[in-house]
Amino acid sequence: MNEFWIWFSTGLQHILDWNGYDHILYVIALCVMFSVTEWKKLLILITAFTIGHSLTLAASTLNILTIKQSCIEVLIPVTIIATCLVNMYYRRRFDKHLRYNKNNYTLNYSLALLFGFIHGMGFSYLLKSMLGKEESIIFPLLSFNLGLEAGQLIIVTAVLLFSVFLARFTRIKKPDWILFISSAIFGISLVLFIQRLNDI
């Protein structure tokens, strides 16, 4: 149990650590289109991302798939930029009740799965660096991944609670705050992309 907690807390701290804020920004960008009443749709979207990063996290840790770390570090802000652009494009496609047309989610789901592959590679570098000469990596892999999921759910919950606050206590319309949040994350991610591109 103690070993489980070590790997679980490592995954949890990794995704919540502001030094690795790129993953936090991506999850926020994924969630910003949703309200609490749309939690089922958000759950499907987060599940698509989880499937993607779980597969490549396992494949990379087991040395089935190897990609240069610097390339992945450049691609991660690209995934955030693309998600923000999708948000800004679709933000005006809400109906009169400020609900998102279900047909517009197809692209979001597909991109979440695809971008999950990239983020999974990013997660794997820390795990591989800590494994050392572990005889079996399956248990650390599962524990670390569960920690990532727990951290991810904390971010999702925080975004949904923030959306409740805005809806009840401010006059900011949903499309407007989607534009504001997505634009801010876009700007940060663009700077991050340029910095990492220069470091290659």
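This is a friendly dialogue on how to read features of a predicted model.

Colleague: What should I know before I start reading?

Modeller: The model is predicted, so local features need pLDDT of at least 70 and side-chain atom pairs count only at pLDDT 80 or more, while totals for chains, interfaces and linings use all residues. Residues are numbered from 1 along each chain as its sequence is written, and side-chain values use heavy atoms, with hydrogens and water left out.

Colleague: How many helices and strands does the protein chain have?

Modeller: Helices (H or I, at least four residues) and strands (E, at least two) are DSSP runs, numbered from the N terminus. Here the protein chain has seven helices and zero strands. The radius of gyration, taken over C-alpha atoms, is compared with a globule rule of 2.2 Å times the number of residues to the power 0.38. For this protein chain the radius is 17 Å, close to the 16 Å that the rule gives for 200 residues, so the chain is as compact as a globular protein of that length. Its C-alpha atoms fill a box of roughly 55 × 40 × 30 Å along the principal axes.

Colleague: What percentage of the 200 residues count as buried?

Modeller: Buried means under 20% relative accessible area, exposed over 50%, and partly exposed in between (1.4 Å probe, protein chains only). By that reading, 48% of the 200 residues are buried. Take Asn87, whose place is in helix α4 (residues 69-90). Asn87 is buried, with a relative accessible area of 2%. A contact means heavy atoms within 4.5 Å. Not counting residues up to four places away in sequence, Asn87 touches Ala29, Val32, Met33, Asn108, Ile178 and Ser182.

Colleague: Which residues make the nonpolar surface patch?

Modeller: Patches are made of residues with over 30% relative accessible area and no salt bridge; like charges are joined within 9 Å, and nonpolar side chains (Val, Leu, Ile, Met, Phe, Trp, Tyr) within 5 Å. Accessible areas come from the Shrake-Rupley method with a 1.4 Å probe; for residues, only the protein chains shown count as cover. Leu62, Ile64, Leu65, Ile67, Ile138 and Leu142 make a nonpolar patch of about 530 Å². One of them, Leu142, lies in helix α6 (residues 138-169) and counts as exposed at 52% relative accessibility.

Colleague: I also noticed Asn63. Where is the place of Asn63?

Modeller: Asn63 sits in the loop between α3 (39-61) and α4, and is exposed, with a relative accessible area of 54%. Most residues other than glycine have a negative phi. Asn63 has a positive phi, near 60 degrees.

Colleague: Now the charges. How many salt bridges does a search of the whole structure find?

Modeller: Side chains of opposite charge can pair when their charged atoms come close. A salt bridge is a side-chain nitrogen of Lys or Arg within 4 Å of a carboxyl oxygen of Asp or Glu. The search finds three. Asp22 and Arg196 meet in a salt bridge at 3.0 Å, N to O. This pair links distant parts of the chain, with Asp22 in helix α2 and Arg196 in helix α7 (residues 174-199), 174 residues apart. Asp22 is buried at 4%, and Arg196 is buried at 19%.

Colleague: Which residues are linked with Arg196 in a network of salt bridges?

Modeller: Asp22 and Glu73 are linked with Arg196 in that network. The closest N and O atoms of Glu73 and Arg196 are 3.1 Å apart. Glu73 lies in helix α4, 123 residues away from Arg196, and counts as partly exposed at 21% relative accessibility.

Colleague: And what does Glu38 form with Lys174?

Modeller: Glu38 forms a salt bridge with Lys174, their closest N and O atoms being 3.1 Å apart. Glu38 lies in the loop between α2 and α3 and Lys174 in helix α7, so the pair ties together parts that are 136 residues apart in sequence. Glu38 is buried, and so is Lys174.

Colleague: Last one: how many aromatic pairs does the structure hold?

Modeller: Rings of Phe, Tyr and Trp (its six-membered ring) pair if their centres lie within 6.5 Å; planes under 30 degrees apart count as stacked, over 60 as edge-to-face and the rest as tilted. The structure holds nine such pairs. Tyr26 and Phe115 are edge-to-face, at 6.3 Å centre to centre and 75 degrees between the planes. Tyr26 is buried at 0% relative accessibility, and Phe115 is buried at 7%.
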